[in-house]
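Welcome, and thanks for taking a look at this one with us. Here is a short briefing to read alongside the structure.

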Amino acid sequence: MRHNFIYRFLAVIIIAAMCISPISVHADELCMESFINENVIFDEDDDDSDIDTSVASITDATLTDPVQELNCKAAAVIDVKTGNMLYEYNSDKKYCPGGLLKLMTALVVFEKGSTSDIYKVSNNKYYEENADYLDVVVYPGEEISVKDLLYGLLLKSGDEAAYALAEYVSGDVKSFTEEMNSVAAQLGCKNSSFSGPNNDYASSTACSAYDMALIAGALYRHPLFRTIIETENYFIPPTNKSDERELWQDNRMKYYANEDYYYKYHIGGKIGYSDIGGCFVSFAEKNGMTVACVVMGADPESMIYSDTVKLCNHVFNSYERVYPLRGYKIEINPEESALIKNYYSNVGHSLPYYYLNDNICINVEKGTGADDITIKPVLYPEPEDNKAGILEIYYKGELISQSYINVGISSIYSRATNSGELSSLTDASGADDTDTGAKDSRIKNIAIIVILVLSVLILVVILILSIVVSHNRKKKKNKQEAEKIKKYKTRDIYSEIVKYPDSKDKGDSNNDEV
């Protein structure tokens, strides 16, 4: 019985450990993805380059002199996790982005709509008038999911999918275009103007490589976007107006069989065509660094790919990611801090506890020394909610990132005199208050773990009680059976004694009969 109890108890402990482990890992991942950044751009030469249509191998291509070796008119590379711009070439010049404008269309849908919605396409005559050349047919009155429309938009660059999404979000193209320019301005785009959701409006749309890199970085925060650009083919399920439709990604870097253009670090991307040539936004990952690379104005059949690989290899070989706040401690002189002076005016309180988000990471050139990175704390006169100020992170004298300083004592929370100072700061997941969000995530995950542990303990107690009750019942039953057996044995012995007192009497009785 003891062995059975031990085995059951060990089984419960193993199951509990298996349940708790994934949650703990997930909590760590949430913490690692939390950081707030604002970026400073490094300027490059502003000369144009002619489009080179010659074919070149892109295997392990690198840049020794990026400006001279690129074939495109403009380029930009951004780290999508840190927001640091790693490379720029003519990045502020405005060009027609062609089909890349649909990335802005997709971003507005992700920001303003819901991918789980089912949309009934309007009876707009646009669909009938353009049915002969549309890539992905969307019929008037068709009931189709927003998710499937996004696949049609991003995998096949479907103009009618873009039109339907614009009507879904805003009701009409004009209102949707206003949303496009509004979202672009919020991202910090300064050299872009969008006139519509698809190629019908491309000729009157302008966008810089830098702005397109910001758009690409914002899109990469959305899980469905990442899934779509990684997909080689997709089936749109049957609808009330159409049978099943298959979509394929038109991206030569994605397919292993295409030896001339395949790039093993490539995740996915979007191609566009305009009067300046091919335009390409692609995503690549190596050694934990994920970048969005923008190439504008190169041969669409070859050079958009070779330039992309050169740029990606250049930043992967030149930069590394560091965490400047790990091990950093804030040292504040109370005589120099209005925040501390205001705090000390409340008698009876201890010194406030500051905590930082040490998962903030930045990209620096490989071989960078500690002296090249400096950190400057800037405290508010009064706390704003739980924010006491910011940490400014400088790289080679240039402001490259910022992070909130949070304070751990709620009694000093009050309205700050400089509210909105960090309104332009956003993290890689799109949140405006990442340090607080990271703390909330940790609290939620800890609560889940505590609830799970308590649930397991309750189950263990119930199991133990069940075993004890079962054991007592069995013990009681065994005792009753023993008493019955004892009683029966006593009765049998008594009957034998009465019938046959002893062997002599038994023998005498037989003799008497004879």
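What share of the 514 residues of the protein count as buried? The figure is 45%. Please keep in mind that this is a predicted model. The protein has 13 helices and 15 strands. Among its contacts with a separation of 6 or more, 67% are between residues 24 or more positions apart.

**Helix α3**

- Helix α3 covers residues 101–112, and its end C-alpha atoms lie 17 Å apart.
- That agrees with expectation, because 12 residues at 1.5 Å a residue should span 16 Å.
- Most of α3 is covered, with 10 of its 12 residues buried.
- The buried residues of α3 are L101, K102, L103, M104, T105, A106, L107, V108, V109 and F110.

**How α3 packs on α7**

- Helix α7 spans residues 173–187, and its axis is 10 Å from that of α3.
- The two helices pack at an angle of about 90°, which means that α3 is roughly perpendicular to α7, since angles of 65 to 115 degrees count as such.
- On the α3 side, the contact is made by L101, M104, T105, L107, V108 and K112.
- On the α7 side, the partners are F176, E179, M180, V183, A184 and L187.
- As a reminder, an α-helix has 3.6 residues a turn, so residues three or four places apart point the same way.

**Salt bridges**

- How many salt bridges does the protein count? There are 6 salt bridges, and three of them are described here, starting with the pair D79 and R321.
- The side chains of D79 and R321 meet with an N to O distance of 2.8 Å.
- This pair links distant parts of the chain, 242 residues apart: D79 sits in strand β1 (residues 74–79) and R321 in strand β10 (residues 319–322).
- D79 is buried, with a relative accessible area of 0%, whereas R321 counts as partly exposed because its relative accessibility is 21% and buried means under 20%.
- E142 and R245 form another salt bridge, their closest N and O atoms being 2.5 Å apart.
- E142 lies in the loop between α4 (126–129) and β4 (143–145), while R245 is in strand β6 (residues 245–248), so the pair ties together parts 103 residues apart in sequence.
- Are E142 and R245 buried or exposed? E142 counts as buried at 0% relative accessibility, and R245 is buried too, with a relative accessible area of 12%.

**A sheet of 4 strands**

- In which order do the strands of the open sheet run? The order is β11-β15-β14-β13, and the pairing is antiparallel.
- The edge strands of this sheet are β11 (354–355) and β13 (373–384), each of which pairs on one side only.
- Strand β13 is joined by 8 bridges to strand β14 (residues 387–395), and the two run antiparallel.
- To find your way along this strand pair, look for I375, which stands opposite I393 in β14.

Note on methods. Residues are numbered from 1 along each chain as its sequence is written. This is a predicted model: local features need pLDDT of at least 70, side-chain atom pairs count only at pLDDT 80 or more; totals for chains, interfaces and linings use all residues. Side-chain values use heavy atoms; hydrogens and water are left out. Two strands pair if DSSP finds at least two bridges between them. The expected span of a helix is 1.5 Å times one less than its number of residues. Buried means under 20% relative accessible area, exposed over 50%, partly exposed in between (1.4 Å probe, protein chains only). A salt bridge is a side-chain nitrogen of Lys or Arg within 4 Å of a carboxyl oxygen of Asp or Glu. Axes are lines fitted to C-alpha atoms, for helices over the stretch in contact, and angles run from 0 to 180 degrees between N-to-C directions. Angles under 35 degrees count as roughly parallel, over 145 as roughly antiparallel, 65 to 115 as roughly perpendicular and the rest as oblique. Contact means heavy atoms within 4.5 Å.
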